[in-house]
Amino acid sequence: MSPQSVLSMAKEHKAKMVDFKFIDFVGIWHHFSVPLVELTEGSFEEGFGFDGSSLRGWMPINASDMLIKPDPTTAAMDPFLQEPTLSLICDIYDPITKERYTKDPRYIANKAEKYVRECGIGDTSYFGPEAEFFIFDNIQFDQKENQAYYYIDSKEGRWNSGTDEGPNLGYKPRYKEGYFPVPPLDSQQDIRTEMVLTMEKIGIHVECQHHEVATAGQAEIDMRFDSLTKMADKLMWFKYIVKNVAKKHNKTATFMPKPLFNDNGSGMHTHMSIWKNNTNLFAGDGYGGISKTGLHFIGGVLKHAPALLAFCNPTTNSYRRLVPGFEAPVNLAYSCRNRSAAIRIPMYSNNPKSKRIEFRTPDSSCNPYMAFAAMLMAGVDGIKNKMEPGEPLEKNTYELSVEEAKNVPTVPGSLDQAIKCLQQDYEFLLAGEVFTRDVIETWVEYKIENEVNPIRLRPVPYEFSLYYDI
């Protein structure tokens, strides 16, 4: 879509405002709006100024001026705002050099796609994330020097089976038994459908929606795959729509990986493939119908997975989900159909166009532009260096003997460990200047200072149950 066609679209929909959306370094969407009259064809080249020092991980206050430039191909009408509002996703530029800003996550995603083309490996890198989330009725939390708590509630929560709800109708999914029940046990079918239909209004192709395994409104909506940057754009719209539709129904949605104890957390299984000249390079006659290129891609992801998790599972809470011995895919192995391995080769179809790998470890607390780019760079490193992934793991990894388990590496057990792995293994990310050293250094510094250390300093409530009477 050209700038001129964007202006025509705004006129057609009688837009009164233009909303500029862009992602910060950590992964949160930000925005500001201008009256439609402020948007001209020249705006797409000249951009709009904003204060980069007020966003996490970006500019210091003495060099705060930055530019956003709207991408005309991302134009859509915002489905929630009261007045007709045109929405545009933006790229970040330095106002002095007029060059793209190295810490703009969308720029990193752009460069990753370009790198694959420049290497001659492929022309399109496809991603298909399965983002899980919870829809709750209430969330309260606080942390002070002398107290800390969180309180979650959901009418679907199994813990409410004995609550006087005047009346309590009893339809509450049992723990770990929330997968695919029909209404009335699944009480959020209509809300998820509204989310799907809203996504379709802005051009997102949705393939499926359903209740997930956990009690208390765990959900999944699956989007059809798309190229890397476009898919990251869609995932940001996805989260925006899920949260706003939930709020419309006086509910709250979260993509926090592990909000509930003793039930499943929320992951983001991510499907990947590389294509060239309309041919799927991952389709072949090897194990699981995967080509040598696909197997080498798997080899790269498995080799670099401990470092990847610093971007793909970037919160301390991510590792409440990634605990050995439970259902999360912590074992760095690959397999057909075996969902206990970190990488699965889906076997739903023998169609070469459907061949892909599924990296099951990530969660949607990530910044998708940076996480997808990092996954792609790991896989491409595997292709370039012909990394063999080893033998596939056919057994249920949770039923391995002690001796067998010793031979299966696992993911880092904490964000701190993942960051240390990244510090030891990041050269593959620097290829083609996709990631830059200042990106890696800022990411590590931000995560340690703002997340790892603050969590270390705070006692958690359960520690009082364990240790108060010592």
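Let's start with the lining of the second largest pocket: its residues split into six nonpolar, six polar and eight charged. Keep in mind that what you're looking at is a predicted model, so every value here is computed from it. The pocket itself holds about 440 Å³ of space. If you want to find its middle, look for Thr73, Thr74, Arg106, Lys230 and Asp233, which are the closest to the centre among the 20 lining residues. Of the contributors, H5 gives the most, with five residues.

Now step back and take in the chain as a whole. You'll find 13 helices and 18 strands in it. Its radius of gyration is 23 Å, close to the 23 Å that the globule rule gives for 470 residues, so the chain is as compact as a globular protein of that length. Laid along its principal axes, the C-alpha trace spans about 65 × 60 × 50 Å.

What share of the residues is tucked away? Of the 470 residues, 55% count as buried. As for how the chain meets itself, take the contacts with a separation of 6 or more: 68% of them are between residues 24 or more positions apart.

A couple of single residues are worth a visit. Tyr150 sits in strand S9 (residues 148-153). Is this residue buried or exposed? Tyr150 has a relative accessible area of 53%, and exposed means over 50%, so Tyr150 counts as exposed. Even so, Tyr150 has partners: setting aside neighbours within four places in sequence, it is in contact with Gln140, Phe141 and Pro259. Then there's Pro461, which is 311 residues away from Tyr150 along the chain, with the two C-alpha atoms separated by 9.6 Å.

You'll spot Pro352 in the loop between strand S17 (341-345) and strand S18 (357-359). Which residues does Pro352 touch, not counting those up to four places away in sequence? Those are Asn280 and Ala283. Thr252, on the other hand, is 100 residues from Pro352 in sequence, and their C-alpha atoms lie 40 Å apart in space.

How values were computed. Residues are numbered from 1 along each chain as its sequence is written. This is a predicted model: local features need pLDDT of at least 70, side-chain atom pairs count only at pLDDT 80 or more; totals for chains, interfaces and linings use all residues. Side-chain values use heavy atoms; hydrogens and water are left out. On a 1 Å grid over the protein atoms alone, a cavity is a set of points where a 1.4 Å probe fits but cannot get out, and a pocket is an open set with protein on both sides within 12 Å along at least five of seven lines; lining residues have an atom within 4 Å of a point. Grid points are joined across faces, edges and corners, and a volume is the space filled by probe spheres set on the points. Helices (H or I, at least four residues) and strands (E, at least two) are DSSP runs, numbered from the N terminus. Ala, Val, Leu, Ile, Met, Phe, Trp, Tyr, Cys and Pro count as nonpolar, Asp, Glu, Lys and Arg as charged, and the others, Gly among them, as polar. Contact means heavy atoms within 4.5 Å. The radius of gyration is taken over C-alpha atoms; the globule rule is 2.2 Å times the number of residues to the power 0.38. Buried means under 20% relative accessible area, exposed over 50%, partly exposed in between (1.4 Å probe, protein chains only).
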